[in-house]
Amino acid sequence: MSTSIHQRVALAQAGKNPSVICRMASGWVVLGDTQVTSGYTILLSDPVVPDLNTLSLEDRAVYLRDMVIIGDALLEVTGADLINYEILGNTDRALHTHIVPRYAEEPDEQRRKPIWFSDMDKAPKFDPERDRELMDRIAQAIQNRLKKLETPR
C-alpha cells in the first residue's frame with residue numbers, strides 16, 4: 001500500500017522532504033502543509049505501519065513518548081496554551097499523529113472545535129524559507145528533551 005504518508009517518509013529517508021524538522025526513534029517530525037495554528041506538526045512512523053495497534057508494546061511506548069516530547073517542545077517554542085494530539089488513520093491507513101498547538105487568541109469559534117473545522121484555505125501554507133527558524137527551534141527543543149532522558153539521574 002502506498003499512501004501520502006508512505007511517500008512523505010520515503011522523501012524524508014532520501015533527504016528530500018523539505019518539511020522535516022528532525023528524525024526521532026519512532027519516525028519523522030514534519031511541519032504541517034498548512035499552518036492553521038503556528039507549529040502544527042505531524043509525527044510520521046518509520047517504518048510505516050497501518051496503525052498504533054500494529055506496533056509491539058515497546059514500539060508503542062517509544063512512539064507515544066516521541067509524540068509527547070514533540071508536544072512539550074511545541075509548548076516551549078510556540079507559547080501555545082495546550083497541545084491537541086490526533087491519531088486518525090481514516091484517510092491514510094498509515095500511522096501518523098497530528099500535533100496541534102492551540103492558542104488562547106484563536107477566535108472562539110475555531111478554538112473550541114477540532115482543527116479540521118478551520119478554514120484551511122485561509123491558513124498559511126508551509127514555506128521552507130519562512131518556516132525554517134521555527135523548525136530549527138522545534139528541533140532544538142526536541143533534542144534538549146532527548147538529552148535530558150539520556151542523562152543519568
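Predicted model: local features only at pLDDT ≥ 70, side-chain atom pairs only at ≥ 80, totals over all residues.
View A. Side-chain values rest on heavy atoms, with hydrogens and water left out. Helix α1 runs over residues 4-13, and its buried residues are I5, V9 and A12 (buried means under 20% relative accessible area, 1.4 Å probe, protein chains only). They sit on the same side of α1 because they cover an arc of only 60° around the axis, taken from the directions from the helix axis to the C-beta atoms. An α-helix has 3.6 residues a turn, so residues three or four places apart point the same way. The packing partners of these buried α1 residues are β1, β2, β3 and β5.

**View B. The two ends of α1.** At the start, a side-chain oxygen of T3 comes to within 3.1 Å of the backbone nitrogen of I5. Just after the helix, G15 has a positive phi of about 75°.

View C. The 22 residues of α2 (residues 57-78) should span 32 Å at 1.5 Å a residue, and the end C-alpha atoms agree, being 31 Å apart. That expected span is 1.5 Å times one less than the number of residues. Buried residues here include Y63, M67, I70 and L74. The buried residues of α2 pack against β1 (20-24), β2 (27-31), β3 (41-45), β4 (82-86), β5 (96-102) and α4 (128-150).

**View D. D131 in helix α4.** D131 belongs to α4 and is buried, at a relative accessible area of 5%. Leaving aside residues up to four places away in sequence, D131 touches L31, K125 and F126 (contact means heavy atoms within 4.5 Å).

Notes: Residues numbered from 1 in each chain as written. Helix = DSSP H or I, 4+ residues; strand = E, 2+ residues; numbered from the N terminus. Buried < 20%, exposed > 50% of the residue type's maximum accessible area, 1.4 Å probe, protein only. Polar contact = N/O pair within 3.5 Å; in protein donor to acceptor, adjacent residues only side chain to side chain.
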